[in-house]
Structures are given as C-alpha cells and as structure tokens.
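This briefing is meant to be read alongside the sequence and the model.

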Amino acid sequence: MCGIIGILGTTDVAPLIVDGLKRLEYRGYDSAGVATIDHGRLDRRRAPGKLGNLQAALDARPLAGRTGIGHTRWATHGAPNEANAHPHSTPRVSVVHNGIIENFAELKRELEGYGRRFESETDAEVCPQLITHYLESENVGPVEAFRKAIARLKGAFAFVAIFTGEDNLMVGARKGSPLAIGRGEGEMFLGSDSYALAPFTNRVTYLEEGDIVVATREGFEIFNERGEKVSRPEMISSAADALVDKDGHRHFMAKEIHEQPEVIAHTLSRYIDAANETVRLAENAFDFSRLSSLTISACGTAYYAGLISKYWFESWARLPVEIDIASELRYRSVPYKDQGGAIFVSQSGETADTLAALREAKARGQKIAAVVNVPESSIAREADIIFPMAAGPEIGVASTKAFTCQLTALAAIAIAAGRQRGTIDDMEERRLVRALLETPRHVAEALRQAGAIEAIANDIAKARDVLYIGRGVSFPLALEGALKLKEISYIHAEGYAAGELKHGPIALIDEELPVIVIAPPDALFEKTISNMHEVMARGGKALLISDRAGIAAAGDGLWASIEAPTVEPILAPIVYAVAIQLLAYYTATNKGTDVDQPRNLAKSVTVE
Ligand code: G6P
C-alpha cells in the first residue's frame, strides 16, 4: 500500500526521503515521487516503476530544500504513470496520500465548477485542489485550509502536506490509514509506519483516528476531529533495532523463510512455560470456559492461519468456531452470541478489512483479541487482548514467517482454551506443549530439503496450472500453498479439500498438471492417498509431501516427493509450511519474477 514520508530537516531532504521510501518498498508500489520547498518554492520529481527510476530523475535534476515529502504509490484510481504519481501539487501546496477518498468524483465536479483544472485521474488530487480552493477563496492560512479540506473528505486515508512559502511547516491527517510522527533533534518526521521513521528517530507518536498534526522543526501540536488540542503518547519504537537487510540471502523472502526456527522459538517463549510444559496466557486474556462461541477472521495468509486454528479450537477446546474472510464478515449480519469472543489475525495490524470486521464485532458486544506482529498497530490498539507473535519485521510481500508464527501463537492459545474448558487434561497439555516445543527443530530440519525442493520447482515452473490438495489441517495449508505459488510465480494455482476433488477439479487432470498432495501420516492419511491415486490413475503428476513412512506407504508411481520430518500430525502445518514456501520461492526464482515485490500486490492493504 502507499508509503508516506515527510521531513522537516536540517540539510537537503530529498536523498533522506528516498532512503525512507526504500524502507517502505515492502508495502508494494508502482510509482514514486518527492516534492520539496526550497527558499519558499515548491518543486517535485516523480517516476513510474521502482525507486531506481525516481532516483534517476533526481540525479538528472536534483531537488534542493530542507522541507519535503515523498511517496510510493500503489495504484487504485488511475494507471501507475508519472501524472498519477504523488506528490500531487498546485502552485500553493503539495500533498501525499494513502487510502481512498470515496467522494472524490463529486468533489472533483464541484471544484471544476469553480474553474479548478485537474492533472491526474487520481482521487488524491482533490485534496491539494480543495486546500488551494480554501486558501484562495476564503483567505485562510494553510493549516485552516488543510483542516477544512480534510473535513470534506469521506473514506479512509492519511495525508501529509507542505506549502509554498512555508519552510517550517508540515501538516498531516489520519483517518483510517496510519500516520506516525517521529521527533528528531531540531528535525521532525512524518511516516506511514515506524519502519519508515527508523533511520531517523525511535521517538514515535501515532496519530489516532481523526487527528491532525501541525509540525515544525521545533515541535508539533495534535488536534482531534473536533479541533481540540490533544496529546498522544510518545513510544520508543523497536523498529529502529530491526535489521532490515537480506542477511546474505538473495531475497527478503528467502531470509524470512530461513528465520522461521528462530522466530517460532521467540513466539513460543511468549506462551510456553517450558519448565512446567504448560501454556500461560496473559492475565486479561479470554476466560475460555465462559465463552459461548469464537469468531475468527483475517485476510490472505493470516486467514489461512485462522482456518487451521479452527481445527485446533474445535478439537482441543470443543469450542464452536465461526470463521470468515474479513471483507465478508464485516458486511454479514452475523448472529453474534452473548459472551462471544472474536480473534482477528494480522501480521501488519493495519489491514483495512480486518480492522473494520474487528470494529463491527466489538460494536456487537464481542470481546476482541488480536494475534498481531506489530504491537503499535491499529488492530493491536483497538483489541481488548493482544496475543503477540514475535516474527520481527516481515518485508517480503508474500507472508512466510508471519504465517508460522501466527500458527504457533494460535496453537498455544487453543491448547490453553482446551485446558480452561476441561476438554484436555494436564497430561494432554504437556504432550502437546512438548510437541510444540519441537517445532523450531523440525522446521530447521524441513529447511534442509531446500536443494531437493529447488530441483522439483524447476519443473513446476513449466506448469500452467497447479493443484494443491489436503484434508483436515492440511486443507487450509493446501489453500496457502496455492496462494504462495500464485502470488510470487504468477502460475495459476488452486487449493482444494482432497475429498472435493471428484466434484469438479478432477476434470482438469492430465499429464501436464502437477498435483501437490499434502498428507502427514494422520487419521486421514489413507483417504488423501486414495485421492492421490485417483489423480495418478488419470495420468496426473502427483507430488507427495509427507514424512519418510508416509512416502513409503504411498507406493510407486509418484512423480515426485518432498520428505518432511515426523511430527505430531495435528501440528503438521507449522512444519509442512516450509515445503510449500520453498516450492513457491524456487519456482518464482526459476521464472525470474520479482519475489519480494510481486506485481500488483501490497504488503499492508490499508484500503478496502
Ligand atoms: C496482503 C499481504 C498478505 C497478507 C494479507 C493480510 O494481502 O500481501 O501477505 O497475508 O495482506 O495481511 P495482514 O497484515 O493483515 O496479516
């Protein structure tokens, strides 16, 4: 999603802004731009494509000025070309924007009626045009013009503006999309998140919904939606410590896949009392014994983590689980029960649909918990209970380590739920905790298959379509496997419940179609293997992911196999995830696609 940076600095800021934008690349973007004020004059450079193009434009025609804003744009309204790239300017003001302005068409008509001429197809441009309209027609100052303009906008957004003739002023607004203030020494920064601010300062203040910030180099003032001056807490951000480099790997995604043993162990340490082999949850966590029902919701990969956890909550805690994709849940008239709980799963904690579904469930009386990776995020701040995951910053757009850390946290929570509800005894808790504590070691073992998986991926790269099948907890993992492959290799892939194969997808089977069968040796193993034989009988190419005994039991005729460690079957998705991640990764590198920033995708989807 779009990334925003604003700097009131002490030297020329354009190079610093480009550095900050680099740290926001992970969010996904398709054009970029910078604007500065130099001796009161506004100027800008913009370019479609990657930041290298913007850098080339700046090298050709450098921008001076100690006051500036920058932006990476993920196109929503209008193609990713130079005219639509931000900052959007008039002779009076320059603005960067993240989010969507829902009433832009009517505002644009109104402004055109006053004779204002638009240069782009974007919704964002109405903001500088409106500000300019108020500056010129009502003779108000920049801050008042900004405030009046923001009040006219409907939708979810964040804005930062700088003004002609104002060398020591930067104004920002937050409504629906995050915006953070970073305080420096005689400098001030605004940014989409603490990663963007990390090179400059670790003193970070988050705006709240409806807030407007008026910043100078010396300080800032925050006003709430009613125009009252308010203060918001300053936090010391941990993002500054985060090493955002590839650590010798070709891609962030590879680095993040390989970090999994460590970050899963970190996540476990937040939940497990290893000495007593028990799960301990924070004091204020749900009282699962009193919950009437549990709703789980999320988007993308986080949704599949939630879907796997449904099997855990049902089997260990005998708790009815309602699960849906957040973009659906938020608009459904769900008959929420009294005393219900809801868990929202999100790496970024900023996904617009997940946040909206959370607010709806909260308004309907549900107690809200969030499994989140970013503790300062909107979802974390609006939840009653935070279940942390300790994945560290995830930069690759396709989620990997966040997925396995979400699973780890959810598994621990579901075990605790089972204990609280008396549906598992302390022996079973200890057995499951021991199995969970083994997962970092098993994941490390699974990573050792990388070479073998790369060889298979070279064949998968030739396929036009790929099918993933599994049963039980392996069904959502099949969905996640298909998602990973399509996200980064652009090969069409679908995940299916293995039992559903004969109700349609089996018609696709021919000698060209790889079918990836995820089958840990569990109670459903034989049934999945039968489905695999149905594929093979029709000439299909079956790739089995199982442990050594499972592969041996499957018999002859496999096209390929990936050997996984032997694990507690119900926890298998945490370990088997490695195989599907590496398969997608090597398929994509074989095809030469942009693994860390796949086309059209954004890391943090802050629009609906
Ligand atoms: C985007 C990302 C996915 C992610 C999903 C949910 O689509 O590309 O990798 O799974 O958003 O994001 P969240 O931050 O809420 O987990």
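**Thr-122 and its surroundings**

A polar contact of 3.4 Å joins the side chain of Thr-122 to that of His-88. The model is predicted, and in it Thr-122 sits in the loop that runs between α3 (104-113) and α4 (126-137). The protein's domain assignment divides it into domain 1 (3-241), domain 2 (247-437) and domain 3 (446-597).

- Thr-122 has 1% relative accessibility and therefore counts as buried, the cut-off being under 20%.
- A polar atom of the Thr-122 side chain also lies 3.2 Å from the backbone nitrogen of Glu-125.
- When neighbours within four places in sequence are left aside, the residues in contact with Thr-122 are Arg-73, His-77, Asn-84, His-88 and Phe-104.
- His-86 stands 36 residues from Thr-122 along the chain, and the C-alpha atoms of these two residues are separated by 9.4 Å.

- His-71 belongs to strand β4 (residues 67-73), and because its relative accessibility is 0%, His-71 counts as buried.
- The side chain of His-71 comes to 2.6 Å from the backbone oxygen of His-97.
- Apart from neighbours within four places in sequence, His-71 is in contact with Cys-2, Gly-3, Ile-4, Leu-21, Ser-31, Ala-32, Gly-33, His-86, Val-96 and His-97.
- His-86, one of the residues in contact with His-71, is joined to Pro-87 by a cis peptide bond whose omega is about -5°.
- Pro-87 itself is placed in the loop between β4 and β5 (88-89).

**The contact between domain 2 and domain 3**

- The C-alpha centres of domain 2 and domain 3 are 25 Å apart, and the contact between these domains draws 33 residues from domain 2 and 26 residues from domain 3.
- About 2,500 Å² of area is buried between domain 2 and domain 3, with carbon and sulfur atoms giving 71% of it.
- Of the area that domain 2 buries against domain 3, Met-253, Tyr-304 and Tyr-311 supply 21%, which is more than any other three residues.
- One salt bridge is counted between domain 2 and domain 3, and Arg-431 forms a salt bridge with Glu-568 in which the closest N and O atoms are 2.7 Å apart.
- Eleven residue pairs in polar contact, with both residues at pLDDT 80 or more, are counted between domain 2 and domain 3.
- On the side of domain 2 that touches domain 3, at least two residues come from each of α7 (252-258), α8 (260-269), α9 (300-317), α13 (401-420) and α14 (426-447).
- Among the contributors to that side of domain 2, α9 gives the largest share, with nine residues.
- Sorted by class, the side of domain 2 that touches domain 3 consists of 20 nonpolar, eleven polar and two charged residues.

**Positive phi values outside glycine**

- Arg-318 has a phi near 50°, a positive value in a residue other than glycine, and Arg-318 is located in the loop between α9 and β19 (321-325).
- With 57% relative accessibility, Arg-318 counts as exposed, because the cut-off for that class is over 50%.
- Gln-339 likewise has a positive phi in a residue other than glycine, here near 60°, and the loop that holds Gln-339 is the one between α10 (326-329) and β20 (341-346).
- Gln-339 counts as exposed at 56% relative accessibility.

**Ile-491, a buried loop residue**

- Ile-491 is found in the loop between α16 (474-489) and β24 (492-497), and Ile-491 counts as buried because its relative accessibility is 2%.
- Residues up to four places away in sequence not being counted, Ile-491 touches Ile-460, Ala-461, Ala-463, Arg-464, Asp-465, Val-466, Leu-485, Lys-486, Thr-587 and Lys-591.
- Ala-588 is 97 residues from Ile-491 in sequence, while the distance in space between these two residues is 9.0 Å from C-alpha to C-alpha.

Note on methods: Residues numbered from 1 in each chain as written. Predicted model: local features only at pLDDT ≥ 70, side-chain atom pairs only at ≥ 80, totals over all residues. Heavy atoms only, no water. Domains from an automatic or database assignment. Contact = heavy atoms within 4.5 Å. Buried area = accessible area lost by both parts, 1.4 Å probe. Salt bridge = Lys/Arg side-chain N within 4 Å of Asp/Glu carboxyl O. Polar contact = N/O pair within 3.5 Å; in protein donor to acceptor, adjacent residues only side chain to side chain. Helix = DSSP H or I, 4+ residues; strand = E, 2+ residues; numbered from the N terminus. Nonpolar A, V, L, I, M, F, W, Y, C, P; charged D, E, K, R; others polar. Buried < 20%, exposed > 50% of the residue type's maximum accessible area, 1.4 Å probe, protein only.
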